[in-house]
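Student: Could you take me through how a chain-to-chain contact and a helix packing are read from a model?
Tutor: Gladly; let us look at the model before any reading of it.

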Protein chains: 4
Amino acid sequence: MVGGGQGAFIGAVHRMAMALDGQYEMVAGALSSTPDRARASGRELGLADDRNHGDWQALLADELRRDPAERVDVVSVVTPNHIHFPVAQAFVEAGFHVVCDKPLVHTGVQAEALVTAVRKRGTVFGVTYNYTGYPMVRQAREMVRAGELGQVRKVVVEYNQGWLATRLEAEGNKQAAWRNDPAQSGGAGAVGDIGSHAENLISSVTGLRLESLSADLTSFVPGRQLDDDANMLLRFAGGARGVLVASQINSGIENGFRLRVSGTEGTLEWWQEEPNRLTHFPLSGPPRVLTRGAPWLHPAAQRASRIPPGHPEGFIEAFANVYAGVAADIRAHATDTIADPLEADYPGVEDGARGVHFIEAVLASARSSEKWTEVRG
Amino acid sequence: MVGGGQGAFIGAVHRMAMALDGQYEMVAGALSSTPDRARASGRELGLADDRNHGDWQALLADELRRDPAERVDVVSVVTPNHIHFPVAQAFVEAGFHVVCDKPLVHTGVQAEALVTAVRKRGTVFGVTYNYTGYPMVRQAREMVRAGELGQVRKVVVEYNQGWLATRLEAEGNKQAAWRNDPAQSGGAGAVGDIGSHAENLISSVTGLRLESLSADLTSFVPGRQLDDDANMLLRFAGGARGVLVASQINSGIENGFRLRVSGTEGTLEWWQEEPNRLTHFPLSGPPRVLTRGAPWLHPAAQRASRIPPGHPEGFIEAFANVYAGVAADIRAHATDTIADPLEADYPGVEDGARGVHFIEAVLASARSSEKWTEVRG
Amino acid sequence: MVGGGQGAFIGAVHRMAMALDGQYEMVAGALSSTPDRARASGRELGLADDRNHGDWQALLADELRRDPAERVDVVSVVTPNHIHFPVAQAFVEAGFHVVCDKPLVHTGVQAEALVTAVRKRGTVFGVTYNYTGYPMVRQAREMVRAGELGQVRKVVVEYNQGWLATRLEAEGNKQAAWRNDPAQSGGAGAVGDIGSHAENLISSVTGLRLESLSADLTSFVPGRQLDDDANMLLRFAGGARGVLVASQINSGIENGFRLRVSGTEGTLEWWQEEPNRLTHFPLSGPPRVLTRGAPWLHPAAQRASRIPPGHPEGFIEAFANVYAGVAADIRAHATDTIADPLEADYPGVEDGARGVHFIEAVLASARSSEKWTEVRG
Amino acid sequence: MVGGGQGAFIGAVHRMAMALDGQYEMVAGALSSTPDRARASGRELGLADDRNHGDWQALLADELRRDPAERVDVVSVVTPNHIHFPVAQAFVEAGFHVVCDKPLVHTGVQAEALVTAVRKRGTVFGVTYNYTGYPMVRQAREMVRAGELGQVRKVVVEYNQGWLATRLEAEGNKQAAWRNDPAQSGGAGAVGDIGSHAENLISSVTGLRLESLSADLTSFVPGRQLDDDANMLLRFAGGARGVLVASQINSGIENGFRLRVSGTEGTLEWWQEEPNRLTHFPLSGPPRVLTRGAPWLHPAAQRASRIPPGHPEGFIEAFANVYAGVAADIRAHATDTIADPLEADYPGVEDGARGVHFIEAVLASARSSEKWTEVRG
């Protein structure tokens with residue numbers, strides 16, 4: 001693991017997600033960009049001294065020095081965004097499988113370079129768009145694929161949070177600080193942090209290609225450098241329309257991520273704060289509440305579930321589904337076989353790249369007085 | 001009453017709203033544009049023969065012929081939109097109070113003419129934006145006015161329906177037919193029918209002045225002439241931003257009208273399908289569920305409520321609140337006094353005019369490739 | 001109308017329910033047991049002086065004095081419970097149709113006497129068990145009748161309120177005072193006030209005959225004379241089991257009336273605070289949310305609905321459905337025809353009597369250390 | 001681990017709960033009562049051959065043979081109920097810490113013997129009443145303890161499931177089979193399987209001592225030997241009353257476990273299918289929705305939470321909280337210190353014993369025609 005040491009929120013989530021199914025064991029790391037903190041974090045988490053490094057370059061060098069059989073299979077990159085590219089690039093080029101947090105990298109150029117590197121080396125590369133790991137999101141995706149909504153006409157996604165309604169980054173909150181520092185998070189604030197999840201949700205569930213968008217970005221909190229509120233109109237190939245809202249100044253709202261997809265034959269609604277339910281409104285007939293674990297779900301949703309219906313699963317389990325998908329692909333890679341696609345079900349480097357192109361288009365539209373801006377696919 | 005005869009949905013709603021509080025008695029009418037149907041409808045509803053007219057001109061002439069003490073106090077205009085202007089204008093100029101359905105008229109020019117006429121004659125004029133008659137919408141308005149949300153930053157309103165997901169207007173559905181006939185409903189489809197309610201909800205609750213908007217309109221259903229899906233970005237005086245979605249192709253959705261308002265101190269959420277609740281998310285502290293009828297509500301919400309909390313009130317009651325507000329103003333007018341503003345609480349001709357300017361701006365923006373377009377206030 | 005004058009809550013509800021559909025006109029009354037208040041109330045509500053009486057005996061005598069064509073068709077009895085019997089009995093015997101509030105009377109003997117009187121005179125008699133007037137409750141009833149739940153095994157009804165969590169009757173609250181005065185409300189507190197609604201809901205929806213019950217009654221609030229909390233186990237003919245909870249000391253709860261019915265083929269759930277929905281859990285397959293007004297509902301639910309789905313109807317509308325049912329029967333009676341049962345759909349005197357027998361059984365069980373007690377059917 | 005091999009549902013849950021926080025490593029086991037299946041299961045889960053046993057006696061003997069430093073710290077007993085007692089008793093007496101599934105044992109005599117053994121050896125003993133491990137259940141408990149509800153008057157708990165609405169035990173379902181075999185599960189069906197969770201929830205949240213109960217048990221499904229529906233009236237020391245419903249024949253219901261507690265100052269409601277929320281209805285003022293992870297929760301609820309509010313946690317996390325509590329106590333035990341009670345927060349052997357006495361009282365009441373029966377404390 002690179003990053004994710006003391007004080008980091010997402011590192012602990014990655015570790016719980018890895019632990020849940022017993023398919024990962026963390027044996028080496030460079031857990032912080034500050035060498036002392038990196039090593040202290042590693043000791044706390046039980047890393048052996050000789051695999052507990054002060055920086056990622058040392059980790060990489062040490063791994064390469066070891067016998068291939070002893071090397072780690074996969075590296076998790078859970079640093080602030082600006083470190084993603086060099087670390088991911090280096091490990092991919094050295095032949096390691098990688099799991100990288102989102103948004104993948106800062107620029108479209110970096111994203112394409114990484115895609116090229118992964119294709120060239122043939123390694124496994126997962127991006128932790130964890131929300132599309134929820135079983136009921138996969139169910140939604142399969143229902144759209146199977147034509148149960150008919151032709152998709154409309155997509156509305158809102159991702160609302162309230163935690164940045166005040167200037168938390170000026171009060172010593174580490175999470176808020178790096179997210180609102182353009183050098184670390186790129187030019188996008190809410191758009192990068194949560195808008196990228198929204199893009200991935202739309203893309204994953206509908207499979208539609210986003211052609212163009214018109215975006216209105218605002219920084220509401222005085223002194224803030226990056227957008228904390230983003231609203232945009234979307235146009236998809238084939239004529240579907242959409243709206244995407246990503247805002248972190250909805251005072252009092254926790255993690256309000258919502259999806260509505262309407263097609264000629266029905267509508268689906270999903271809300272992340274109650275992720276075990278998916279409501280299906282058929283064109284005719286009463287709405288149906290689909291629940292995680294039910295036997296009538298699509299196998300892709302069944303596989304993403306660990307316990308019976310009515311016993312709620314949550315965020316960590318969805319996150320773990322991304323890791324489980326990567327693990328299935330790594331196992332297939334090791335045996336030179338093709339993984340069962342129901343198992344190796346995870347967002348890949350192309351999904352990560354698409355998210356980066358989305359962010360670039362949003363920023364370009366906002367800079368040009370919200371003109372319609374093409375999105376590179 | 002003008003319009004609202006056999007086969008009309010909204011006429012019956014107006015009549016129930018009038019009946020509920022025993023403040024109105026329907027004594028005369030021209031209930032359809034088809035004279036025979038008009039008279040048949042009137043007979044069915046118990047109008048005396050000499051006050052049951054074949055057209056609104058006859059109704060007006062007959063009323064003017066009568067002794068002022070015997071005349072009706074107020075005329076309800078519940079025709080398709082294109083008739084609103086001539087009827088409302090004629091009755092106002094003849095000195096009658098008027099309740100008119102929304103959207104008020106077809107053009108901004110007509111709207112301003114009507115505003116001028118009402119001001120000149122000093123009559124009472126109500127517009128049945130019924131959704132802002134809900135007690136919990138009034139509670140939201142009072143909370144914003146009292147500063148409980150701090151400075152408003154963000155407004156998201158969605159008004160989603162599914163009933164026009166297919167080409168109902170080609171299947172003999174009268175409601176669908178006139179709404180999708182530009183001659184009768186004006187150039188706006190979903191925008192006029194439900195978008196105007198959304199504009200009124202925003203304006204009523206936040207009091208913000210909408211400065212400009214960028215709108216993307218679509219007609220999804222093949223053969224349809226007017227928009228059935230509208231998405232727009234909003235900018236308000238003072239810097240607040242917003243999103244307005246009005247769509248009638250959300251297959252399977254009934255009447256999904258939702259509001260979210262966020263300010264520096266909190267967020268409010270309201271959903272028309274459960275109108276007795278309003279959720280308040282303070283910046284700090286747990287969300288609170290405010291319910292209709294509770295003793296801690298603002299007097300404006302209390303007055304709009306008839307029965308104790310927990311005994312749900314609905315659409316008809318909200319509609320009746322508009323009529324009750326108009327009645328209070330008519331009584332004050334009759335005695336040359338000023339009505340208690342908590343009682344004479346209803347949308348007036350200026351609110352109706354603002355809605356017309358909104359629709360014009362939306363259509364202009366859509367025609368200009370979604371350019372930001374100023375909204376005349 | 002008898003009772004329901006100034007200060008009474010339920011009288012106003014009855015009047016709105018009567019007004020809503022334009023089928024009733026209130027022309028005479030004795031609106032309070034205090035003659036001065038009775039007449040003042042009548043004046044306020046626009047009764048002519050010669051039909052505005054100081055007591056119900058005067059009202060009855062005056063009506064009988066009038067020409068039959070001029071007499072009222074139906075009398076609404078909305079007094080405190082202890083007056084129901086003499087008033088209802090007298091008007092029935094005089095040949096008037098009657099609508100009476102619940103619980104019908106104080107004793108099983110009175111109840112049977114009233115049933116006998118109604119049968120003998122052949123008049124129409126409705127009891128305002130208003131909750132079974134909700135369209136979705138009628139839908140539930142029809143689904144059970146049609147066998148959609150298979151054989152009913154289990155019924156759980158809870159009716160929880162919090163308004164009597166403190167000793168409101170000692171603080172000048174008129175509603176609380178008569179309900180907790182054994183002389184006025186009978187020996188039952190919560191059981192009579194809301195438990196009787198619960199009994200009617202079970203009986204109406206399931207059609208099951210309650211054979212025996214074991215009841216545990218408590219008066220939690222110090223100084224209170226009647227039960228404010230009632231819990232009971234139920235056994236039905238044919239083997240179904242049930243639980244009924246009626247409590248008025250659930251601090252902070254408004255009007256939490258809930259039903260769950262389970263059969264061999266599915267379960268239904270309904271909650272009065274969101275009365276436009278009914279959730280159906282089939283034995284196999286996802287739950288379906290049935291909504292008021294939807295075209296796939298049973299005609300009995302359709303008829304009980306005034307406006308389209310998604311436009312909420314509430315308590316007053318449900319109440320008005322009882323009155324509309326009675327009106328349909330009165331019209332049929334006047335023309336010596338049989339009313340359409342879909343229209344004349346209302347709780348009758350036998351339903352009222354059954355509720356009285358239920359209350360007597362509950363009190364008998366509670367007095368006997370919660371022994372199983374037979375319920376007279 | 002004893003039990004929990006191939007085909008067992010709950011064994012896998014225990015293993016995920018253990019893995020989540022990285023505080024447990026499974027190194028030895030006797031994973032089935034069938035030696036071959038036990039060893040196959042162990043191999044699948046990566047147990048070393050010399051610690052993978054065919055029966056629990058062999059596991060115990062082998063552990064005792066090893067150097068104390070090499071022995072397991074704690075044994076998880078996840079067998080069908082009838083094996084709990086001998087296994088738990090033997091390991092406790094040999095000085096091992098134990099985590100045992102619920103209900104603890106079959107009889108009150110066994111329960112007290114186990115309590116005595118644990119006290120004598122001074123070992124740590126946890127019972128996986130997992131539902132009281134939910135953070136919001138702990139919040140409810142702390143609110144009651146802090147007097148935020150005033151004096152508790154009323155408790156209603158329902159635990160409804162539908163999975164046994166048909167005779168699943170006759171169709172080869174292993175979970176259904178042992179639960180409905182009196183030899184394996186004891187004399188209680190739904191009462192033992194889920195009623196015991198309900199008893200623990202009441203006891204944990206309210207702290208009230210259950211004095212007596214009157215229970216009505218039914219086996220609805222033809223051919224079933226044990227109760228599949230249980231309804232009971234409860235009386236607590238100090239005068240509070242309650243209702244407990246546990247039913248497995250609610251066709252279509254998944255895992256509907258609900259709690260309502262009312263006191264003089266307010267009411268709490270919690271529903272297991274949305275476990276991240278707890279609704280608090282104060283006696284006066286609007287209801288408040290408390291959410292997991294919020295900074296204003298009690299420290300006991302904070303500690304039971306891993307990720308920020310709005311990122312749902314579920315069943316596995318709650319289960320893991322029981323294991324984390326036991327681990328904290330084991331660490332304290334190892335260092336001869338007293339664990340922080342906020343950390344060592346888990347149901348112990350006395351809680352398990354109380355559940356057994358509860359079941360015995362329920363069965364005794366049911367056998368005696370639902371007479372009030374004392375519950376041994």
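Tutor: Buried area is the accessible area (1.4 Å probe) that two parts lose on being put together, summed over both. Between chain A and chain B this area is about 3,300 Å², and carbon and sulfur atoms give 50% of it. On the side of chain A, A:R153, A:L233 and A:S251 supply 18% of the area that chain A buries against chain B, more than any other three residues. This is a predicted model, in which local features need pLDDT of at least 70 and side-chain atom pairs count only at pLDDT 80 or more, while totals for chains, interfaces and linings use all residues. Residues are numbered from 1 along each chain as its sequence is written, chains are lettered from A and ligands numbered from 1 in the order in which they are written, and side-chain values use heavy atoms, with hydrogens and water left out.

Student: How many salt bridges are there between chain A and chain B?
Tutor: A salt bridge is a side-chain nitrogen of Lys or Arg within 4 Å of a carboxyl oxygen of Asp or Glu. The count between chain A and chain B is ten, and among them B:D216 and A:R235 meet through their side chains at 2.6 Å, N to O.

Student: How are α1(D) and α11(D) oriented?
Tutor: Two packed helices are described by the angle between their axes and the distance between the axes. Here helices are DSSP runs (H or I, at least four residues), numbered from the N terminus, and axes are lines fitted to C-alpha atoms over the stretch in contact (heavy atoms within 4.5 Å), with angles from 0 to 180 degrees between N-to-C directions. The axes of α1 (residues 9-20) and α11 (residues 315-334) of chain D come within 8 Å and cross at roughly 70°. That makes α1(D) roughly perpendicular to α11(D), a term that covers 65 to 115 degrees.

Note on methods. Helix = DSSP H or I, 4+ residues; strand = E, 2+ residues; numbered from the N terminus. Parallel < 35°, antiparallel > 145°, perpendicular 65-115°, else oblique.
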